[in-house]
Amino acid sequence: MAAVFGDGATVRDDGITRAGEAEIHEWIQTHLIDPKIVITPTSFAGDRLVASGEGEFTGGPLSFAFVFGIKDDRVTDLTIDPV
């Protein structure tokens, strides 16, 4: 998963911004892999993907909007907000 992020990429999720390879790897592990998240896309337009997230967390499933910045086929920034 981390391979899609470019050098210096950022991820903003839960009101916290993670920057760089190590912080993004840690975010992937703790927010996606450990809780066994399954993301099911429901719509996509421009740079915004809306998806349902389900897994081992309280209150799920939940809908999220994923907004991507892309340069040279790599994600430069990703912001995730509840919908």
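1. Start with D13. This residue is buried yet has no salt bridge. The nearest side chain of opposite charge is R18, 5.0 Å away. Buried means under 20% relative accessible area, exposed over 50%, and partly exposed in between (1.4 Å probe, protein chains only). A salt bridge needs a side-chain nitrogen of Lys or Arg within 4 Å of a carboxyl oxygen of Asp or Glu. Lys and Arg count as positive and Asp and Glu as negative, while His and the chain ends are not counted.

2. Where does D13 lie? It lies in strand 1. Setting aside neighbours within four places in sequence, D13 is in contact with R18, W27, H31 and I80. Contact means heavy atoms within 4.5 Å.

3. A word on the basis of these values. This is a predicted model, in which local features need pLDDT of at least 70 and side-chain atom pairs count only at pLDDT 80 or more, while totals for chains, interfaces and linings use all residues. Residues are numbered from 1 along each chain as its sequence is written, and side-chain values use heavy atoms, with hydrogens and water left out.

4. Now the overall layout. The protein chain has one helix and six strands. From the N terminus on, the order is β-β-α-β-β-β-β. Helices (H or I, at least four residues) and strands (E, at least two) are DSSP runs, numbered from the N terminus.

5. How many salt bridges does a search of the whole structure find? It finds two. One joins R12 and D81, with the closest N and O atoms 3.7 Å apart. This pair links distant parts of the chain. R12 sits in strand 1 (residues 5-13) and D81 in strand 6 (residues 74-82), 69 residues apart. R12 is partly exposed, with a relative accessible area of 35%. D81 is partly exposed as well, with a relative accessible area of 35%.

6. K36 and E56 form a salt bridge too, their closest N and O atoms being 3.5 Å apart. K36 lies in the loop between helix 1 (20-33) and strand 3 (38-45), and E56 in the loop between strand 4 (48-54) and strand 5 (62-71), so the pair ties together parts that are 20 residues apart in sequence. Both K36 and E56 are exposed.

7. The charge count deserves a look. The protein chain carries 6 positive and 14 negative side chains. The centres of the two sets lie 2 Å apart. For this, the place of a charge is taken as NZ of Lys, CZ of Arg, CG of Asp or CD of Glu.

8. D14 has a positive phi of about 55° although it is not a glycine. D14 is found in the loop between strand 1 and strand 2 (16-19). At 55% relative accessibility, D14 counts as exposed. D73 also has a positive phi, about 65°, and is not a glycine. Its place is the loop between strand 5 and strand 6. D73 is exposed, with a relative accessible area of 75%.

9. Is D7 buried or exposed? D7 is exposed, with a relative accessible area of 85%. D7 lies in strand 1. D7 and R74 are 67 residues apart in sequence and 8.7 Å apart in space, C-alpha to C-alpha.

10. S43 is in strand 3. At 39% relative accessibility, S43 counts as partly exposed. Not counting residues up to four places away in sequence, S43 touches R48, L49 and V50. G60 is 17 residues from S43 along the chain, and their C-alpha atoms are separated by 19 Å.

11. Next, size. With 83 residues, a compact globule would have a radius of gyration near 12 Å; the protein chain has 12 Å, which agrees. The radius of gyration is taken over C-alpha atoms, and the globule rule is 2.2 Å times the number of residues to the power 0.38. Along its principal axes, the C-alpha trace spans about 35 × 30 × 20 Å.

12. Last, surface and packing. Buried residues make up 27% of the 83 residues. The protein chain exposes about 5300 Å², and carbon and sulfur atoms supply 55% of it. Accessible areas come from the Shrake-Rupley method with a 1.4 Å probe; for residues, only the protein chains shown count as cover. Among contacts with a separation of 6 or more, residues 24 or more positions apart account for 22%.
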